[in-house]
Amino acid sequence: VEAPNSRLTDNGLYRISFTSALDPIAINELHSWTLHVETADGQPVDDALITVDGGMPGHGHGLPTQPQVTQNLGNGNYLLEGVRFQMPGAWVMRFDVAADGQSDGVTFELALQ
Amino acid sequence: MTRGRWIVLALLVVAAGLAVAAFWPRAPQWTAEERAAIAGLWIGNLPPLPADPSNRVADDPAAAALGHRLFFDTRFSANGEVACATCHLPEKDFQDGLALGEGVGVANRRTMPLAGTAYSPWLFWDGRADSQWAQALGPLENPVEHGGNRTYFAHLISELYREEYEAVFGPLPDLSHLPRLAGPVDDPAVQAAWEAMTPADQEAVNRVFANMGKAIAAYERHLNPGPARFDAYAQALIGGDARAMREALTLDEVAGLRLFIGEANCIQCHNGPLLTNNDFHNTGVPAVADLPEDTGRAAGAQLVLADPFNCVGPYSDADASQCAELRFMLAEGEQLVRQYKPPSLRNVGDRDPFMHAGQFITLGEVLIHYNVAPAAPAGESELEPLGLSQEEMMQIIAFLRALSGPIHAETKWLQAPE
């Protein structure tokens, strides 16, 4: 069973995991995440371009902010700033990664109280 | 009394007890999830006042005292009759009870209450200001609110409040060579006078103007919500005190609370101890026929980015790194059209009419709107029809009325300065 914050991308190219600086994640607080990107066989990916999307599919709305990867921390780690969720319920966060001429992405599901 | 009669009497007592138990309203039961939701609304979970790094005098008592005087001073207006307190009346939860604010003219929006605004990253219905101090500057130059201009205000500060101002902000610039009326406002003559000023003079006046906002904000930080009957209930629930719960809310109010956090989905936007997420939502509120087109947050997001008094501007005391709200703000997109900020629901029962232009007169109209979920006049409403019964709507209204409580502030802040 995979940890809820670590998943293989849709086509199996990468494994993406996240750690939230706000733990547990509470609503209405702007905070940052650290993303870790590695290849399927566990090698850190250091030159990734990461785009972020998300929202509440059940409500048909997106994220209330525009989170962005602002820093490459090295060793496959990236700082994602500007994350906020403004209501309880089922959220998704989608990360698309492009590195070495390939791209793949994964969607995380979060249930917030 | 014979033994037989004792038995009959005992049986009668037991029967009466059972009858009472069957018809006595049962104490409401809450699931763990509901308890967490209720605790999330409790005022006891309101965090300490957040710092405002963009305002270095935010917690300076001398700045608050100056701001208090400015807030109530009608001389800072085109006709000498309008102060902040004209629309933000302390005895009315710092709002005016009018559909549209009335300063030197009539505004396009409803006056918002002030308590707890220090917690909000965005001010105004459309979030076109990103701090209390930047907000305070808007009405001063709005032609239908105070109707003034920044050079006029700078002159007034130097004439009326020089000592207090300089004690907080340092020496005033020399204003003696500047026109009486000048500012980037609608009046063509006043605007032309502003454009004729040197950039250095404009900058000096802007700084005095920004400092007025910072003093007013230092005052407004003292205005925060106090506990309501709902909070007594939430506290009793958390502490497991069933009797205190019964004393705090009626069964109808409790039923309304259950709907508020459940079936009626109110808590999606009206969450946290202020009962607002301070974000922006399109709830399909009707447009007002006689008012100009209003795109809500879609315009507000662009205005706050362009505002020289925002967190990253030259008059802010913050580093850009402390302006994360602005840096990661959602600035564009269809979803912003006709979004407005949900106001805090604290004291909402005393604050008719409702919505950003006072579209609804009663809470009944508000509940009917959410229950029906009509299409938005522009953009997409986030609402879904709720299918609540009339009784359920009345229960929610009863709950909303249990959210009233006095503003938590020293008495001196709740009246004009001596």
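Nine residue pairs are in polar contact between chain A and chain B, both residues of each pair being at pLDDT 80 or more. The structure is a predicted model. Between chain A and chain B there are also two salt bridges. E81(A) makes a salt bridge with R327(B), and the closest N and O atoms of that pair are 3.6 Å apart. On the chain A side, the strands β5 (61–62), β6 (68–74) and β7 (77–83) each provide at least two of the residues that touch chain B. In total, 20 residues of chain A and 21 residues of chain B take part in the contact. The area buried between the two chains is about 1,600 Å², and carbon and sulfur atoms account for 49% of that area.

S6(A) belongs to strand β1 (residues 6–8) of chain A. S6(A) counts as buried because its relative accessibility is 14%, and the cut-off for buried is under 20%. The side chain of S6(A) is joined to that of R15(A) by a polar contact of 3.0 Å. With neighbours within four places in sequence left aside, the residues in contact with S6(A) are R15(A), I16(A), S17(A) and F108(A). The second detail is a peptide bond. D23(A) and P24(A) are joined by a cis peptide bond with omega of about 5°, and P24(A) sits in the loop between β2 (14–20) and β3 (31–39) of chain A.

The largest nonpolar core has 52 residues, and the members that touch the most others are L70(B), F71(B), F76(B), I157(B), M212(B) and F309(B). Two or more residues of this core come from each of the chain B helices α3 (61–71), α4 (84–87), α5 (132–141), α6 (150–160), α7 (162–169), α8 (188–195) and α9 (199–220). Helix α9(B) gives the largest share, 10 residues.

V190(B), A193(B) and W194(B) are the buried residues named in α8(B). They lie on the same side of α8(B) because they cover an arc of only 100° around the axis. An α-helix has 3.6 residues a turn, so residues three or four places apart point the same way. The buried residues of α8(B) pack against α6 and α9 of chain B. On the face turned away from the buried side, P188(B), A189(B) and E195(B) are exposed. At the start of α8(B), a side-chain oxygen of D187(B) comes to within 3.0 Å of the backbone nitrogen of A189(B).

Helix α10 (residues 229–239) of chain B has the buried residues F230(B), D231(B), Y233(B), A234(B), A236(B) and L237(B). The buried residues of α10(B) are covered by elements of chain B including α2 (32–41), α11 (242–248), α12 (251–261) and α16 (390–401). Just after α10(B), G240(B) has a positive phi of about 70°.

Most residues other than glycine have a negative phi, and most peptide bonds are trans. N265(B), which is not a glycine, has a positive phi of about 60°, and N278(B), also other than glycine, has a positive phi near 55°. N265(B) lies in the loop between α12 and α13 (297–306) of chain B, and N278(B) is likewise found in the loop between α12 and α13. Their accessibility can be set side by side: N265(B) is partly exposed, with a relative accessible area of 36%, whereas N278(B) counts as buried at 10% relative accessibility. Chain B also has a cis peptide bond, from D352(B) to P353(B), with omega near -5°. P353(B) is placed in the loop between α14 (324–327) and α15 (363–372) of chain B.

Key:
Residues numbered from 1 in each chain as written. Chains lettered and ligands numbered in written order. Heavy atoms only, no water. Core = buried A, V, L, I, M, F, W, Y, C linked by side-chain atoms within 4.5 Å. Buried < 20%, exposed > 50% of the residue type's maximum accessible area, 1.4 Å probe, protein only. Helix = DSSP H or I, 4+ residues; strand = E, 2+ residues; numbered from the N terminus. Arc of directions from axis to C-beta. Contact = heavy atoms within 4.5 Å. Polar contact = N/O pair within 3.5 Å; in protein donor to acceptor, adjacent residues only side chain to side chain. Buried area = accessible area lost by both parts, 1.4 Å probe. Salt bridge = Lys/Arg side-chain N within 4 Å of Asp/Glu carboxyl O.
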